[in-house]
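Subject: A structure for you to look at

Hello,

Here is the structure I promised to pass on. Please open it alongside this note, and then read on for what turned up.

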Amino acid sequence: MNMKLNNLVFSLRKIKVKLNCKSQRNLYEPTRMNFNKRLFLWLSLAFVFATVIGTLTHECGHYVVAKSFGYHARINYAFTLWYDPNNIEFTNSTYSKYQKEIETDRDFPEKEKYMKIIEMHNRNGFWIGLGGPLETMLTGTIGLIFLFLFRKSFENQTKLTLKQWLLIFISLFWLRQLANFVGWVGYYMVTGELRERMDEIHISTHFNLPQFTIPALTGLIGVIVLLTVIFKFVPTKQRLTFIASGLVGGIIGAILWLGLLGKVIMP
Ligand SMILES: [Zn+2]
């Protein structure tokens with residue numbers, strides 16, 4: 001009899017625990033992650049545009065610095081081309097005439113003048129190279145500062161406003177640094193070669209640092225910014241949709257602009 005009573009009490013307790021769990025789950029329902037198809041489409045589209053805008057404003061950073069040195073500069077879909085209009089004829093003709101001497105560091109006519117110009121271009125080239133990443137990181141930092149200034153408005157939100165999403169996308173300019181680093185590592189893993197044509201690599205080399213230093217360091221800051229945005233500013237309910245749209249939109253944006261459309265629209 002006693003055993004039966006004990007069993008009954010135990011069963012009742014189990015039911016009570018189950019009921020408690022259910023009521024707790026209901027209580028937290030508004031803050032649980034869920035997938036919102038409509039939001040996913042809008043955010044994916046925003047990520048596609050952000051990829052293009054992020055790339056072009058980055059190139060503007062290179063362009064502005066090149067122009068400030070008096071160089072001719074032109075932006076295409078993924079690069080900034082620049083040259084020195086005052087000396088290009090001289091340097092080109094000297095190089096084609098004395099390529100062997102230049103490469104083996106032997107004497108040739110007007111060597112001093114040629115070397116002075118090349119050194120000047122190398123010096124200025126460093127600042128032009130810095131202009132792009134600086135624009136990217138500065139814009140991202142400004143976005144992040146505004147996010148923190150308005151952090152109160154993000155508290156207990158289940159849905160962000162357009163203005164709040166805009167601040168998030170501006171601070172995510174930092175994602176470029178992360179994408180660059182991941183791309184650089186990925187390229188090495190696939191081809192076994194270290195890609196050298198990258199702004200951040202040039203900056204590392206300029207300061208005599210190991211090549212990976214600046215890509216890794218700025219990529220790490222990119223991760224920290226991304227995690228801060230996801231876990232501090234994007235509401236729990238919209239988090240999953242945001243992450244999914246970021247991956248899909250970012251990849252589509254890169255393929256669409258860098259691989260397909262960019263060449264046609266801005267050759
Ligand atoms: Zn660049």
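**The cores**

The largest nonpolar core has 24 residues, and those with the most contacts inside it are Ile168, Leu172, Trp174 and Val229. A nonpolar core here is a set of buried Ala, Val, Leu, Ile, Met, Phe, Trp, Tyr and Cys residues joined through C-beta atoms within 7 Å. A residue is buried if 20 or more other C-beta atoms lie within 10 Å of its own, exposed if 12 or fewer, and partly exposed in between, with C-beta atoms placed from the backbone. At least two residues of this core come from each of α2 (37-68), α4, α6, α7 (175-191) and α9. Apart from it lies another core, of 6 residues, including Tyr63, Ala66, Tyr71 and Trp82.

Please keep in mind that this is a predicted model: local features need pLDDT of at least 70, side-chain atom pairs count only at pLDDT 80 or more, and totals for chains, interfaces and linings use all residues. Residues are numbered from 1 along each chain as its sequence is written. Helices (H or I, at least four residues) and strands (E, at least two) are DSSP runs, numbered from the N terminus.

Which residues does tryptophan 174 contact, leaving aside its neighbours within four places in sequence? They are Met137, Gly140, Ile221, Gly222 and Val225. Two residues are in contact if their C-beta atoms, placed from the backbone, lie within 7 Å.

In helix α6 (residues 162-171), the buried residues are Leu167, Ile168, Ile170 and Ser171. They lie on the same side of α6, because they cover an arc of only 165° around the axis, the arc being that of the directions from the helix axis to the C-beta atoms. The buried residues of α6 pack against α4 (111-149) and α9 (213-233).

Helix α7 has 17 residues and reaches 24 Å from its first C-alpha to its last, close to the 24 Å expected at 1.5 Å a residue. The expected span of a helix is 1.5 Å times one less than its number of residues. Leu175, Arg176, Gln177, Leu178, Asn180, Phe181 and Trp184 are the buried residues of α7, and they pack against α2, α4, α8 (199-206) and α9. Just after α7, glycine 192 has a positive phi of about 80°.

Isoleucine 203 is in helix α8, and it counts as buried because 21 other C-beta atoms are within 10 Å. Not counting residues up to four places away in sequence, isoleucine 203 touches Gly129, Leu130 and Ile214. Isoleucine 203 and glycine 129 are 74 residues apart in sequence, yet 7.7 Å apart in space, C-alpha to C-alpha.

Do have a look at α3 (residues 88-103). Its 16 residues have end C-alpha atoms only 19 Å apart, short of the 22 Å that a straight helix would reach. At lysine 97, α3 bends by about 75°; the bend is the angle between axes fitted to the seven residues ending there and the seven starting there. This helix is hardly covered, with a count of 1 buried residue among its 16.

In the loop between α3 and α4 you will find aspartate 105, whose phi is near 60°, a positive value in a residue other than glycine. Aspartate 105 counts as exposed because it has 8 C-beta neighbours inside 10 Å. Asparagine 156, in the loop between α5 (151-154) and α6, is not a glycine either, and has a positive phi of about 55°.

Best wishes
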